[in-house]
Amino acid sequence: MSSREEEEALDRLRAVMRDDDANEECADCRDRRPSYLVLSLGIFVCATCSSLHRDLDRRVKNINTSSFTLADVYKLEDLGGGNTAARRKWMAR
């Protein structure tokens with residue numbers, strides 16, 4: 001993947017994060033400024049919660065140090081774009 005594609009993917013990821021205020025906190029514990037993305041669920045989580053998701057064999061990436069592909073971002077967008085959509089889907093009664 002070219003650096004241009006990586007840059008575009010990171011820009012789109014940041015746009016998804018900004019589009020939903022709920023993405024500014026961990027989807028699980030509400031800690032401020034989550035730094036991980038659980039790709040399998042499309043949620044943003046803190047470092048502590050990210051380790052729990054890894055233990056459950058979910059795909060987790062650090063937002064600041066990992067490389068993202070456009071496919072990663074498309075998957076996030078397809079899942080609804082973050083914590084609010086995940087809450088609607090997984091916490092619905």
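Helix 1 (residues 3-19) and helix 3 (residues 70-78) cross at roughly 20 degrees, and their axes come within 8 Å. The cut-off for roughly parallel is under 35 degrees, so helix 1 counts as roughly parallel to helix 3. The crossing of helix 1 and helix 3 is left-handed. The model is predicted.

Both helices supply side to this contact. Helix 1 brings Glu5, Glu8, Ala9, Arg12, Leu13 and Val16. Helix 3 answers with Leu70, Val73, Tyr74, Leu76 and Glu77. Seven of the contact residues are nonpolar, four are charged and none is polar.

Three strands form an open sheet in the order 2-1-3, paired antiparallel. Strand 2 and strand 3 stand at the edges with a single partner strand each, so one side of each has no neighbour in the sheet. On average, neighbouring strands are turned by 30 degrees against each other, direction ignored.

| Strand | Residues |
|---|---|
| Strand 1 | residues 36-38 |
| Strand 2 | residues 43-45 |
| Strand 3 | residues 60-62 |

Strand 1 pairs with strand 2 over three bridges, in the antiparallel sense. Within strand 2, Phe44 stands opposite Leu37.

Helix 2 (residues 47-55) lies across strand 1, strand 2 and strand 3. Helix 2 runs at about 120 degrees to strand 2.

Notes. Residues numbered from 1 in each chain as written. Predicted model: local features only at pLDDT ≥ 70, side-chain atom pairs only at ≥ 80, totals over all residues. Heavy atoms only, no water. Pairing = 2+ DSSP bridges. Helix = DSSP H or I, 4+ residues; strand = E, 2+ residues; numbered from the N terminus. Axes fitted to C-alpha atoms, helices over the stretch in contact; angles between N-to-C directions. Contact = heavy atoms within 4.5 Å. Parallel < 35°, antiparallel > 145°, perpendicular 65-115°, else oblique. Left-handed = near helix turned anticlockwise from the far one by under 90°. Nonpolar A, V, L, I, M, F, W, Y, C, P; charged D, E, K, R; others polar.
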